[in-house]
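Have the sequence and the 3D view open side by side.

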Amino acid sequence: MKKFYITTPIYYVNDRPHIGHAYTTIAADVLARFHRQLGEPVFFLTGTDEHGAKVAESAKKAGQSPKEFVDEMSELFILAWRNLNIQYDDFIRTTEERHVEAVQIFMQKLFDCGALYEGVYEGLYCVACERFYTEKELVDGKCPDHLVKPKPIKEKNYFFKLSDYLAKVQALIERDEIMIRPVERKKEVIGLFKQGLQDFSVSREKVRWGIPLPFDPKHNCYVWVEALQNYISAIGYGADDKNYQNWWPADIHLMAKDIIKFHAAYWPAMLLAAGEPVPKEIFAHGFFTINKQKMSKTVGNVIDPNALVETYGSDATRYLLLTQFPFGQDGDIKENLFTEQYNAHLANSLGNLVSRTATLCEKHSVAMPAAAKEDGQDVKGRVKKHLELLQFDGALKEIFGLIYAANKYLDEQAPWKISDEESRRRADVLIQTAGQIRTIAELLDPFMPLASRNILEQFTGPNVKKGISLFPRK
Ligand code: MSP
């Protein structure tokens, strides 16, 4: 049977979770839930990236040991995902023994097959990005993402012979054997290959917070090189072959475009060198601003997903984030419109449809047929298509189209005005609407699992019973 293994990036724990992290994680959760609904075996992995200079510096600033610091910070991610109702199957932390062991096995394999060589690295390193920059890539001598001057670093390193694998990886991408979506991103990646990519360093001599290389323990593994391996360490690479074979390769690595080079070039090359299959797909969505400004601590516009859940609830937060702009593109999150959108779409349209239908069904003791007429087959097909293309907003527009149509039908039929003499007609109208509501709830399940369950509880069984208000007006 077709399985579905989906991953998010593992997030740096130098800082608390923000809605950038939440955005990708919610999208992955929707896909995982959708594939579970289709009956596929699903494995959804997320986690935290806990080694490296950046995290060590943050721990120092916080006056804690790196271990204490990462233990506390990773809990914040777990808590945020619980609040957002993220149903992951595993949460990997790169400080866990299982990860360390798998990385050491993998790195030894790269060393043994001759994919690594020793050299001296002299370059400019941005700690916030945890990566080297060439002069050409800098803007006014500064890292374009963090606007800080990278530090000059000179040290002995092990390098990965990327040049040996580039042509092969490029061909796999061109043939869609590693599918890169959206298609603009595939073009960008091919562009990177055409410009030429340098061999990269896989070790750091001076960064003590990391995983020692088994063949030269004075060196620690470069944080990006070990972080990528979370995707295989979590499923038992080198420890539980059966489980590993069962899930690998990943069906989709989900992320934003900021980290595509690591995933589309370095990672497949490392896997090829180690003789492992490459991921089937890399989907790199866009980057968003908040009310047109780049999200940053200095601007003070970083949004805490827990605060959104506190205000709107987990379902509405998931909905609001995924409907701001088409998934895949860059966009803007207009947080100032959240309340308006919540009231219009969730309280008024969806909430109202469910509550007035349930109220009337209960009041008139309308008996529901065991199997409601199967409605909305074409909408179901279109929602499925949208989700296969990760068009979350497109899928939700289809579902909300059904909601508006059901509300319109109710308004036209006005069952609240139908007298008891016509109770048969009144019951028919309500049964028809209830059937549509069931379809809507089923389609909404991956997006808004709590509301979906709540609706299905009200409308399953012969007697409709009105439940608590789904989306109270704000
Ligand atoms: N630790 C690395 C990933 C290693 S994966 C093997 C890392 N971590 S991160 O904490 O910086 O997370 C980056 C990811 O966070 C992005 O790829 C994206 O998924 C998400 N986002 C962070 N800010 C975002 C926006 N403003 N917009 C969209 N996605 C955002 O990189």
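## Two cis prolines

Start with P249, which sits in the loop between α9 (241–247) and β12 (252–256). The peptide bond that joins W248 to P249 is cis, with omega at about 5 degrees.

P182 lies in the loop between β7 (179–181) and α6 (183–195).

## What you're looking at

This is a predicted model, so local features need a pLDDT of at least 70 and side-chain atom pairs count only at pLDDT 80 or more, while totals for chains, interfaces and linings use all residues. Residues are numbered from 1 along each chain as its sequence is written, and side-chain values use heavy atoms, with hydrogens and water left out.

## Around the ligand

How many residues surround the ligand? There are 23, and the closest are I10, T24, D49, A256 and D258; to be near, a residue needs a heavy atom within 4 Å of the molecule. By type, the shell splits into 13 nonpolar, eight polar and two charged residues.

Now the polar contacts, meaning pairs of N or O atoms within 3.5 Å. A polar side-chain atom of T24 is 2.6 Å from a ligand oxygen, and one of D258 is 2.8 Å from a ligand oxygen. On its own the ligand exposes 680 Å², and the protein buries 93% of that (Shrake-Rupley areas, 1.4 Å probe). Elements giving two or more residues to the shell are β1 (4–12), α1 (19–37), α7 (223–228) and α8 (230–233). The largest share, four residues, comes from β1.

## An open sheet

Four strands line up as β5-β4-β6-β8 in an open sheet with antiparallel pairing. The edges are β5 (131–133) and β8 (200–201), each pairing on one side only. Two strands count as paired if DSSP finds at least two bridges between them.

β4 (residues 116–126) and β6 (residues 151–160) pair over ten bridges, in the antiparallel sense. One of the bridge partners to look up is K154 in β6, which goes with E122.

## Cysteines without bonds

A search of the whole structure turns up zero disulfides, a disulfide being a pair of cysteine sulfur atoms within 2.5 Å. C126 is buried, at 1% relative accessibility (buried is under 20% relative accessible area, exposed over 50%, partly exposed in between, with a 1.4 Å probe and protein chains only).

C221 is also buried, at 5%. Its sulfur is 14 Å from the closest cysteine sulfur, in C113, again too far for a bond.

## Two positive phi values

L147, in the loop between β5 and β6, has phi near 55 degrees, a positive value in a residue other than glycine. L147 is exposed, with a relative accessible area of 60%.

A414 isn't a glycine either, yet its phi is positive at about 40 degrees. A414 lies in the loop between α15 (392–413) and α16 (423–444), and counts as buried at 8% relative accessibility.

How values were computed:
A polar contact is a pair of N or O atoms within 3.5 Å; within protein, one must be able to donate a hydrogen and the other to accept it, and residues adjacent in sequence count only if both atoms are side-chain atoms. Ala, Val, Leu, Ile, Met, Phe, Trp, Tyr, Cys and Pro count as nonpolar, Asp, Glu, Lys and Arg as charged, and the others, Gly among them, as polar.
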